[in-house]
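Hello,

Here is the structure we talked about. Please open it next to this message and follow along.

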Amino acid sequence: MPIRALDPKVVARIAAGEVVERPASVVKELVENSLDAGSSQISVEVKSGGVSLIRVTDNGSGIPSGEVGLAFDRYATSKVANLEDLESIRSLGFRGEALPSIAAVAEVDMVSCATGEKAGVYLSLQDGVISSQGSRGRSQGTTVTVNNLFRKVPARLKFLKSVATENSHIVNVVSQYALAFPEVKFSLLIDGRVALRTPGSGRLIDSIAEVYGAEVAANMIELNNEAVAPSPRISGMVGSPKVSRSGRGYLSFFVNRRWVNSRMLARAVEEAYHGLLMVGRHPVAVINISLPSQEVDVNIHPAKSEVKFRSDSAIFGAVQRTVRRALTEQVTVPRIMAADTGAVFPTVLKETTLLPYAGASTAQTPPAPTPAMSLPVLRVLGQLDNSYIIAEGPDGLYLIDQHAAHERILFEKIRRQRSQRDIEIQGLLEPMPFEVSPRQEAILKSRYRDLAEFGFAIEPFGDRTFLIRALPALIHDRDWAGMLRELLDSLSSGDKSDWAEGVTITMACHGAVRAGQSLADAEMRELLRQLEQCDTPHTCPHGRPTMIHLSSSQLKREFGRT
Ligand code: ADP
Ligand code: MG
């Protein structure tokens, strides 16, 4: 075939494919137009999953009668005039593509009455071409009716899912915009039944109550990061860990009130919840990020549902910190505690019911080490064989096994952090698949939730594979896969009666410096300083000695000085 320019109808059909993927995409574009028009009321009505009818009615500014026809021209928009405008988009639409795209794949009627005009105009399109036009009485606002979507695009029609599935996508679109614009009164009618109605009170919590129900609404925590940084501003609400969900469908993100999909933002929120939710549970969150429009590029995809931030890491950090702070502030609740004197005074305790975790008691402090167990202050003299630290104490010489000593330090640290639910974790940028043997799989299936207490975010991912999303910071740069396997094998052979102790020991062992590793003086000093603070510094968690001590009198004896 020779090269030739495509017929405009073919061009329109191809382009429409990018904007109008399914009925919900039409709803999204029309609702966005209504919002851009400053509407305070938007009603959406659909029939048969949106295929036979989609109608969106608003009370916005309307389209001046002279411009109604233009609205259906490709790349005709009232929202962007020049190149500079593209750099500072505040409206939801800006590509001038939605109406012509919809008209290319459906029959469209529009009635609109602009501010200040006495009568409305009426417009009807077939195959993207105006078939009739006239004036029609209407109060201010716009109604767009879309019939027989994809009737002439059988390939698209075939790929649509069931009516119920298409309806659920439509409900989702309207719900998201209802969450983003609480000041707008939304209603959604599906086959004549009210599926959603929001009051338009301007309060996010009211929208959340309609979209997610009263129980979720009763457990939402307000976000506000003004104190943390002036820009970007993170606002919205997140669910207390009590209302977690099994999927990620309850995470909503808006950038300057544009609904966006972003795995990066989802990760930021999930990381903020780390340690507060069981593995496999996901938070509820409605978050708006406001930032200067130059800081974000919304012109990435025809559906405008993806954005590019100038600095992903700045946004990630701001979201994660803001959510984390809101959560930790919220779970700090005042309690009344009786003191020994019998007096009653208020104090502040971390809520203990937050984590489903057995055996933790914040009131318990470990017994103070007995003098015989504690270690004197040691002065580093050097390293032997890249494996032992030579040190001097008040009474002679100490040879410290660096690996065993570090194991002891880490063992106590992990135990302490776990009891305080304060394990340091490291999220992975991309979840890592982790393959296991059938035997390991059986163990991991029953244990992956418990491993969350230690900082592992692991979830089942099909046949003998799990996804690792986060790791204890302690071992994230070590051979953690080998560690996990070792752990699963030792658990499956049943030789660890106390599994939590087994995990702690294995993590400490894998996180500790190895024998044969050369250490700088400062590192050795730090290691000894930490060992001095251990409850039981003389043995490693496996029970082997961490050090050999030669007292001054022993030394004298050895040298025949007595
Ligand atoms: P865009 O939203 O990118 O500008 P659209 O094709 O969606 O492109 O709409 C074209 C134009 O039609 C808009 O710029 C706007 O001026 C007008 N328009 C569409 N829908 C409405 C509406 N509900 N109320 C007022 N004006 C509208
Ligand atoms: Mg638009």
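The mean pLDDT of the protein is 83, and 90% of the residues reach at least 70. Confidence is highest in strand 2 (residues 53–58), with a mean of 98, and lowest in strand 17 (residues 344–350), with a mean of 28. Over residues 331–372 the pLDDT stays under 50. The model still has 47 contacts beyond four places in sequence for residues 331–372. Where pLDDT is low, the predicted coordinates should not be read in detail.

Overall fold

The protein has 562 residues, of which 46% count as buried. Its secondary structure consists of 16 helices and 24 strands. Among contacts with a separation of 6 or more, 67% are between residues 24 or more positions apart.

Ligand 1

Ligand 1 is surrounded by 20 residues. The closest are Asn-33, Thr-77, Ser-78, Lys-79 and Gly-96. By class, the shell holds 8 nonpolar, 8 polar and 4 charged residues.

Several polar atoms of the protein lie beside oxygen atoms of the ligand. For Lys-79, a polar side-chain atom is 2.7 Å from an oxygen atom of ligand 1. For Gly-96, a polar backbone atom is 2.7 Å from an oxygen atom of ligand 1. For Ala-98, a backbone N or O atom is 3.3 Å from an oxygen atom of ligand 1. On its own, ligand 1 has 530 Å² of accessible area, and the protein covers 93% of it. Helix 2 (23–36) and helix 4 (98–105) are the elements that give two or more residues to the shell. Helix 4 provides the largest share, 3 residues.

Helix 4

Is helix 4 enclosed or open? Helix 4 is largely enclosed by the rest of the structure, because 8 of its 8 residues are buried. These are Ala-98, Leu-99, Pro-100, Ser-101, Ile-102, Ala-103, Ala-104 and Val-105. The cover over them includes helix 1, helix 2, strand 3 (107–113), strand 4 (120–126) and strand 6 (141–147).

Helix 1 (residues 8–19) contains Val-11. Val-11 counts as partly exposed because its relative accessibility is 36%.

Ser-252

The last item is a single residue in another part of the chain. Ser-252 is in strand 11 (residues 251–255). Why does Ser-252 count as buried? Ser-252 counts as buried because its relative accessibility is 0%, and the cut-off for buried is under 20%. The side chain of Ser-252 makes a polar contact of 2.6 Å with the side chain of Gln-176. Leaving out residues up to four places away in sequence, Ser-252 touches Gln-176, Leu-179, Tyr-212, Ala-285, Val-286 and Ile-287.

Regards

Terms used
Residues numbered from 1 in each chain as written. Chains lettered and ligands numbered in written order. Predicted model: local features only at pLDDT ≥ 70, side-chain atom pairs only at ≥ 80, totals over all residues. Heavy atoms only, no water. Helix = DSSP H or I, 4+ residues; strand = E, 2+ residues; numbered from the N terminus. Buried < 20%, exposed > 50% of the residue type's maximum accessible area, 1.4 Å probe, protein only. Contact = heavy atoms within 4.5 Å. Near = heavy atom within 4 Å. Polar contact = N/O pair within 3.5 Å; in protein donor to acceptor, adjacent residues only side chain to side chain. Areas by Shrake-Rupley, 256 points an atom, 1.4 Å probe, with all protein chains shown as cover. Nonpolar A, V, L, I, M, F, W, Y, C, P; charged D, E, K, R; others polar. pLDDT = per-residue confidence, 0-100.
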